[in-house]
Amino acid sequence: MNYLTIKDIDNLNEWVQQAIQLKKNPFAHQNLGKNKTLGMLFFNPSLRTRLSTQKAAIHLGMNVMVMNFTGEGWSLEFEDGAVMNGGNSEHIKEAAAVISQYCDVLAIRAFAGLVDRDKDYAETVMNGFKKYATIPIVNMESAAGHPLQALADAITMEELKPAHRPKVVLSWAPHPKALPQAVANSFVEMMQLQDADFVITHPKGYELHPDVVKNSAIEYNQEKAFANADFVYTKNWSAYRDYGKVLSTDSAWMVTAEKMKLTNKAYFMHCLPVRRNVIVTDEVLDSPQSVVIQQANNRTFAAQLVLKKVLEK
Ligand code: CP
């Protein structure tokens, strides 16, 4: 079993309930991973993903090996049939096969390059490892998705769910740099599995991949979208159509206390790291409505559930 996208979740409600049980008793399965090794490869920086996934593995009794590939590993070639007389030293065929000798499960972080949309959405790195590794692969954020984050978000929303069908808003917010669409994509896909009134709000031009958005509602007026919301999930992403471009840094899209007053005392969610007073004001982030630390905590139990399922298979 691999965990590469939200589509690998066969029953979201069951998964969320099982993760909540793991949170209550994290060491209940501490023999499951005995003498098994989790390899973690990072092609990009991380705080939460690295520590929460490592902690999840420790809860299950696994050994963990972490490698920061950029700067430490050989530069990899992903193209089959490549004449390797350029800058890349090792082909994914050997790298994935060799790592499979040392590890029982392989978790990988490899962000979008934001230059070549087709290459990013082909998930070259993740699919290269999937093709040539002989062990299960877990996505710790790829070019187009962050399914561990989305699972942690679903756990958090289950813990906080109101008695009524919730209104959930995914709001774009400004950021000075071009960021991938991965978190937003996986959150949208996760919301499509939930019984909720779900709305995406962003400036025109920031439409996500149509295959991700499908029939989800888009509201270009952020304040209208916030009306009566129970959850406000905020995230910046760069343009999908005008790929990788920052089309706006308009601070009018920052989440403020005034905007949160339009909601039904909504919980404020963000995957972190977050730029204070750019994406969201201090006032909102430091308020009791902010549940970003609870989300980060639930990353451990999302990862633990995935690793448990992988080990059980
Ligand atoms: N949310 C998240 O994935 O955090 P890191 O980038 O710090 O791992």
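This is a predicted model: local features need pLDDT of at least 70, side-chain atom pairs count only at pLDDT 80 or more; totals for chains, interfaces and linings use all residues.
Local features need pLDDT of at least 70, side-chain atom pairs count only at pLDDT 80 or more, and totals for chains, interfaces and linings use all residues. Residues are numbered from 1 along each chain as its sequence is written, and side-chain values use heavy atoms, with hydrogens and water left out.

Me: How far apart do the C-alpha centres of domain 1 and domain 2 lie?
Reply: Domain 1 spans 6-145 + 299-312, and domain 2 spans 149-295. These bounds come from an automatic or database domain assignment. The distance between the C-alpha centres is 26 Å.

Me: Which three residues supply 29% of the area that domain 1 buries against domain 2?
Reply: Buried area is the accessible area (1.4 Å probe) that two parts lose on being put together, summed over both. Here that area is about 2,400 Å², and carbon and sulfur atoms give 65% of this area. On the domain 1 side, the 29% comes from I6, L114 and R117.

Me: How many salt bridges are there between domain 1 and domain 2?
Reply: A salt bridge puts a side-chain nitrogen of Lys or Arg within 4 Å of a carboxyl oxygen of Asp or Glu. K7 and E189 meet this way through their side chains, at 3.7 Å, N to O. The count between domain 1 and domain 2 is two.

Me: Which element gives the largest share of the side of domain 1 that touches domain 2?
Reply: Helices (H or I, at least four residues) are DSSP runs, numbered from the N terminus. Elements giving two or more residues to this side are α1 (12-24), α5 (117-121) and α13 (292-312). The largest share, seven residues, comes from α1.
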